[in-house]
Amino acid sequence: MRIKDRGAISRADLLWSFVTVAEDQRRALAEQLGFEFQPPPASPKVSTHKPTLPAQPKIAPTAPEKPVTDAAVSKIPAFYRVTDAQGTENETLELPEWFQQAQPLTLGMTESLIPKRHKTAKVVCLPLVSWSRLWPCLQGVLGAEIPGQQVDIRRLVKKVSKGERIRHIPKLTRYAWAARAQLLIDINPNNIVYRQDFFQLTDALTALRGEVGLSVRYIVDHPGGHVVYYQQDEECFEPWLYPEKDTPLLILSDMGLHRKGCRTVLQWLSFGQRLRGRGLRPTVLMPIAVRMLDQRLLNYFDCVLWDRTSSLKPLSEFCVTDYEDDRASATESVEHLMALCFPAMRVELGLLRSLRHLLPATAYDVGHESQVWHHHAVLSESDEWAWQPEKRALFLKKFQQQLTQFSDAQKHGLVEQIACYHAKLPDVLYFEAMHMLMNLKLPLPQDVKDATERYMAALIKTYDQERSHQGLVSWVKRFHARHQGVEAVVSSDYQTVLYILERIRLEGRSLAEMDWPAHIPPEHILAFLNRSSSEHVYLLRQQGTQLQLVPQDGIDTVALEDEWAIPGVTLLRLALRDTHIVHTYEVGGTLKQNSLQVTEKQGACFSLPPSQRHQFQIGAQRITVEALPVGQTAQWVVARGMEGENTFVTSRDQAGNEYTWYWHAPSWHPNQGVLRGVWYSDISGQLALPEWAERIDRDKYGIYVDARLAGVEQRFRWIEPGAFLMGSPENEVGRLDNETQHEVILTQGFWLADTTVTQTVWEAVMGNNPSNFKGPQHPVDSVSWGDAQRFIEILNNQASEPLYCLPTEAQWEYACRAGTQGAFNFVDELSLERINYRGTWGYKAEEWGKGAKRQTCDVGYYEANAWGLFEMHGNVWEWCEDWYDEYPADTLLDPVGPDQGNWRVCRGGSWFNSGRDLRAACRNDAWLIGFVSIGFRLARGHELKSVKQANKRMPDTRWTSRNAVAREGQLEEGRQEETSAESKNRGILKSIRKLWNRSKQ
């Protein structure tokens, strides 16, 4: 292959890209990446003999020696290293406390455990229309004008005045129930859910009117055919007889409008034509929505809607036309009504209607209610339905959205309705529903919460002891089916443990390797998988391309089977009592995890998928392992390798000098917790004490040394080599124009004081104290850049090697960020509890936040960043070594700034500044004179010898690499420049201090 136009794609990149595609697609991929195919020239046959493995140490090549196929993705050579370790070695994962304390249920018991508040509550199915509104409508349909007992004086006088013969005395009439009336009820499979409404209306009508003269008939098959009636509890069939012309007829029916298809509607239209031929126009009370009505029915029937918003008057064609637009939005309303039933295990008509009444009456009608019963997501039978298991999860998000719009009263009503209706069901369904309501954070009464927790714990404990009980096994299967798809969003410890126990039961003895849902915490899995056993020592090792957990006395028995066979390297030593571990990793953006069994003789072997981050729950410890494939490495690393029991990397500075850094894996300390992993020059497990320090050790922040500065102790933190983005992104709030973001690579680590220089240290070295805010542990302030250089010069004259200096601007920001990328090196909000500053985001001369100190404070007062450095934001500005200039846009290697300039750089902000000026990327181009808000922090280079000297030194550039040793010539030049600047600005400094003293008064 030949590159057409030189760009960012290298041949190594091409080779690595071949790993992900089939062989027949590689030529097309190469052309897309800018390569051109050229036939290879004739050459002698190449031997296929594999070369002998190099001796230790082995340095990884920059690309694999041959393309890797998809089938061998997990075999890609990679370097592993432990990057995080949490938990203690000897701690044992205990079963949940609630599980240990739970008392099993007595199987077959008949006494209910449902709280009395719900068990004894009376459940009433709300009517479609209140009886107080409905009975006048019924009387209007089934009534007639009948003569009374009182004389109609007005009509009598009128007849006498006309001289008519009085043959009978006219009586006043009144509207009352007709002597004879007929009620025709249509109950069919499509409206059977409303049969309770039909029966309630019939009973109430009979009680109000009386049974005499009222004919109640039920349609058997189709209107106008056979009917059934009940006489002395006996069922009687007969052909339906048309009533007399003056006999009122009321029909209770949906007229087939709930059924898909038009056959039933046509039957009703035919029936209406026959009725009109006999001079009859009956009234139909219909439990439907107006949008569902077929307008043709209005030609033969007086249709009255039966719902809470109905006017209970016959509809006209004009009214039906007004509701055409509602048909489009009906489906969405049905989905919302169904979502409200999400926590329910079973839904009866009464529950569904009660939940519908929690919603606005104008938006949710009886038509939505009827459509729920025919929805594809439910399994309905009679007037009760349950969820289709695979469809229920689709309504979770809608339910959660509705809850955000509910008032507290509506949420309470929702809980009470579901609880009261489920209290009539078996205990297991009631408590399952209450458990779901708890998971959804709905307000349950405390006694119901307590009862639910006791029951669920007891039920799970019973299942653990009685896993062969068929009734329990069947319920567990139904339980998981009902909750599938929502476990990761709505779940609890009870649900998780039940799932774990079910998986263990199903797997039986085949527990060597099991896949688990990613949302289940590994410690839950291990607590039930692991059983107590004797303690054994295992080593987490890299063996070739595999990661293995092997017994300490069985290392020699592990064979190296792959050609990239790096001799075994121990990453971590573990003392375990457990029999299983959980491996969590990410593939294609999906989090996965599985459990593996650890055997006493063979341990466990991991064939790692192509993920760069793997997490292992091993006993009570959680280990994070980085798997970095060969050819992929950090920007500052030029080579990686393994030597003996150590993983190391090599960096190269701009002069071509190479340096080796060994990985010190994180470990657990009983008092400090996790000791952070770090790259350092000493071999892992060894920390050589530098000559200039009195003590070296390691803590949760990394490696540190304690040194004496003129008799005063000062702690220095090790800042490992690395790469970062210096400056700020364009979308950062408060960003300034001089913060162009660019990549910086620091090839050598350095030491940085964990605090700024205190007044105690300054006085011990310099013999004076120029600070405006006095205090032994306050940072020294009011020092110029030249003052800081004279302080450093005195220290270096007392040392065997002159290594003390100011940090470069790149070193300062790298140390400040400590691996973060935001505006500040912490994740919480900016506040006066975290930083000593003005307390406002923007600057206004007279504006201070409440609680602002308005002066410096003791160093170490605020929490340190991830690398153990205090007050990198606020308190005092900190001088850097660099002259100020605009950033270049290119990637910089060990930058030290320009060779000359007019201002030096200050970083970090101070007590006087607003929050915007305290950002990690904010730069201050300061005069060389000292202000009351400026101090400095000491840095020290690392006495690291190059493992490889460059043959030819690279030419210097404007931004050159900087040796850690301070150069005397440069120091003298800087001192002269600063002296000149001080002489010019002494009057300005004096005026500024006068203004400052006046402002304090």
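Modeller: The questions below go from the whole chain to single residues.

Modeller: This is a predicted model, in which local features need pLDDT of at least 70 and side-chain atom pairs count only at pLDDT 80 or more, while totals for chains, interfaces and linings use all residues. Residues are numbered from 1 along each chain as its sequence is written, and side-chain values use heavy atoms, with hydrogens and water left out.

Colleague: How many helices and strands are there in the protein?

Modeller: The protein has 24 helices and 44 strands. Helices (H or I, at least four residues) and strands (E, at least two) are DSSP runs, numbered from the N terminus.

Colleague: And what percentage of the residues is buried?

Modeller: Of the 1001 residues in the protein, 52% are buried. Buried means under 20% relative accessible area, exposed means over 50%, and partly exposed lies in between (1.4 Å probe, protein chains only).

Colleague: What is the accessible surface of the protein?

Modeller: The accessible surface comes to about 49100 Å², and carbon and sulfur atoms hold 49% of that area. Accessible areas come from the Shrake-Rupley method with a 1.4 Å probe; for residues, only the protein chains shown count as cover.

Colleague: Which residues touch the most other members of the largest nonpolar core?

Modeller: Among the 114 residues of that core, they are Leu252, Leu285, Trp306, Trp385, Leu414, Met434 and Leu442. A second, separate core has 70 residues, including Ile581, Val649, Val761 and Ala926. A nonpolar core is a set of buried Ala, Val, Leu, Ile, Met, Phe, Trp, Tyr and Cys residues joined through side-chain atoms within 4.5 Å.

Colleague: What is Leu414 in contact with?

Modeller: Leaving aside neighbours within four places in sequence, Leu414 is in contact with Leu340, Leu355, Leu358, Phe399, Leu403 and Leu442. Contact means heavy atoms within 4.5 Å.

Colleague: Changing topic, which residues make the nonpolar surface patch?

Modeller: Val151, Ile153, Val157, Val160, Ile166 and Ile169 make a patch of about 490 Å². Helix H6 (residues 153–161) gives the largest share, three residues. Ile166 sits in the loop between H6 and strand S6 (171–177). Patches are made of residues with over 30% relative accessible area and no salt bridge: like charges are joined within 9 Å, and nonpolar side chains (Val, Leu, Ile, Met, Phe, Trp, Tyr) within 5 Å. A salt bridge is a side-chain nitrogen of Lys or Arg within 4 Å of a carboxyl oxygen of Asp or Glu.

Colleague: How many disulfides does the search find?

Modeller: The search of the whole structure finds zero disulfides. A disulfide is a pair of cysteine sulfur atoms within 2.5 Å.

Colleague: Where is Ala710, and what is its phi?

Modeller: Ala710 is in the loop between strand S33 (702–709) and strand S34 (712–719). Its phi is positive, about 55 degrees, although Ala710 is not a glycine.

Colleague: Are Ala710 and Asp894 buried or partly exposed?

Modeller: Ala710 is partly exposed, with a relative accessible area of 35%, whereas Asp894 is buried, at 9%. Asp894 has a positive phi near 50 degrees and lies in the loop between strand S40 (892–893) and strand S41 (904–907).
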